[in-house]
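Work through the exercises below with the sequence and the model side by side. Each task is followed by a solution in steps.

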Amino acid sequence: EELTLGFSLSKLREGLGADHPAVKKVLGKDSPEDLARALTSGSKLQDVALRKKLWEGGPRAIAASNDPMIRMARLIDDDARAIRKLYEDQIEAVEKKNDELIAKAIFAIKGQGSYPDATFTLRLSYGAVKGYDQEGGHVAPITTIGGAFDRATGKEPFALPKSWIASKGKLDLNTPLNFVSTNDIIGGNSGSPVFNQASEIVGLVFDGNIQSLGGAFWFDESVNRTVSLHSAALLEALSKVYLADRIVKELRPTATAVR
């Protein structure tokens with residue numbers, strides 16, 4: 001949290017300039033790193049009881065709070081709202097209007113040969129589980145639980161939770177963990193189910209590879225990939241790591257939890 005906040009404050013100063021009134025108001029004489037350290041170490045918002053008290057006290061309790069994080073939020077609130085309104089009025093509104101015009105032009109040319117935008121209506125994407133080439137090497141389409149342990153170093157970003165380390169002996173390390181497919185997705189599709197040809201749920205979408213970021217504008221099947229959690233890994237973890245027998249029985253009524 002300290003690192004993230006320090007970076008954000010640095011970018012604030014970099015973007016607006018050291019002499020901008022908002023920057024002076026936020027940083028004062030502090031460096032971004034020193035202010036981030038003071039805010040994260042001084043805040044008590046990690047205390048559940050305190051958060052509950054603030055919630056129950058409502059706006060008055062928050063206004064009266066001296067927690068450094070809350071004071072900082074109050075300090076930047078007016079500026080943040082003004083910038084948000086400016087962005088919504090002059091950027092988002094323009095993009096939405098012209099997105100509509102572009103969509104109408106595409107449908108006028110392609111008719112029903114073009115699928116609709118990802119709105120709140122049902123959208124189906126067809127694809128195949130398939131690896132891809134990146135930086136001179138081939139990325140395999142499926143990883144395994146064992147691969148997660150092989151890569152684990154005990155340090156971020158390859159630190160596995162203690163519960164997983166303790167459960168390693170019970171896990172089937174050959175169980176598929178994640179897989180990539182040529183489905184065309186975009187931000188907001190996370191949580192979507194993945195079905196096989198037999199209409200069985202085999203995965204859960206949670207990400208896309210770095211190449212899929214351009215998917216808002218085009219789809220390149222050679223590299224764009226959807227990343228999904230394999231259903232087998234979900235059941236394996238629920239049963240043997242999290243001991244969530246009730247949930248496993250709901251997902252697989254005839255399955256017996258193995259520990």
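**Exercise 1: Asn-209**

Leaving out residues up to four places away in sequence, Asn-209 touches Tyr-132, Val-223, Asn-224, Arg-225 and Val-227, where contact means heavy atoms within 4.5 Å. The model is predicted: local features need pLDDT of at least 70, side-chain atom pairs count only at pLDDT 80 or more, and totals for chains, interfaces and linings use all residues. Residues are numbered from 1 along each chain as its sequence is written, and side-chain values use heavy atoms, with hydrogens and water left out.

Task: determine where Asn-209 lies, and whether it is buried or exposed.

Solution.
1. Asn-209 is in the loop between β6 and β7; strands (E, at least two residues) and helices (H or I, at least four) are DSSP runs, numbered from the N terminus.
2. Its relative accessibility is 7%, so Asn-209 counts as buried. The classes are buried under 20% relative accessible area, exposed over 50% and partly exposed in between (1.4 Å probe, protein chains only).
3. A polar atom of the Asn-209 side chain lies 3.1 Å from the backbone nitrogen of Arg-225.

**Exercise 2: the sheet**

Task: give the strand order of the open sheet and explain which strands stand at its edges.

Solution.
1. The order of the five strands is β3-β4-β7-β6-β5, with antiparallel pairing; two strands pair if DSSP finds at least two bridges between them.
2. β3 (142-144) and β5 (193-195) each have a single partner strand, so one side of each is without a neighbour in the sheet and they stand at the edges.
3. Inside the sheet, β4 (residues 176-181) and β7 (residues 226-230) are joined by four bridges. Phe-179 stands opposite Ser-228 in β7.

**Exercise 3: helices α3 and α5**

Task: find which residues of α3 are buried, and what covers them.

Solution.
1. The buried residues of α3 are Pro-32, Leu-35, Ala-36 and Leu-39.
2. They are on the same side of α3 because they cover an arc of only 100° around the axis, the arc being that of the directions from the helix axis to the C-beta atoms.
3. Their cover includes α1 (2-16), α2 and α5.
4. In α5, Pro-68, Ile-70, Met-72 and Ala-103 are buried, and the buried residues of α5 pack against α2 (21-27), α3 (32-42) and α4 (48-64).
5. After α5 comes Gly-111, with a positive phi near 60°.

Key
Polar contact = N/O pair within 3.5 Å; in protein donor to acceptor, adjacent residues only side chain to side chain.
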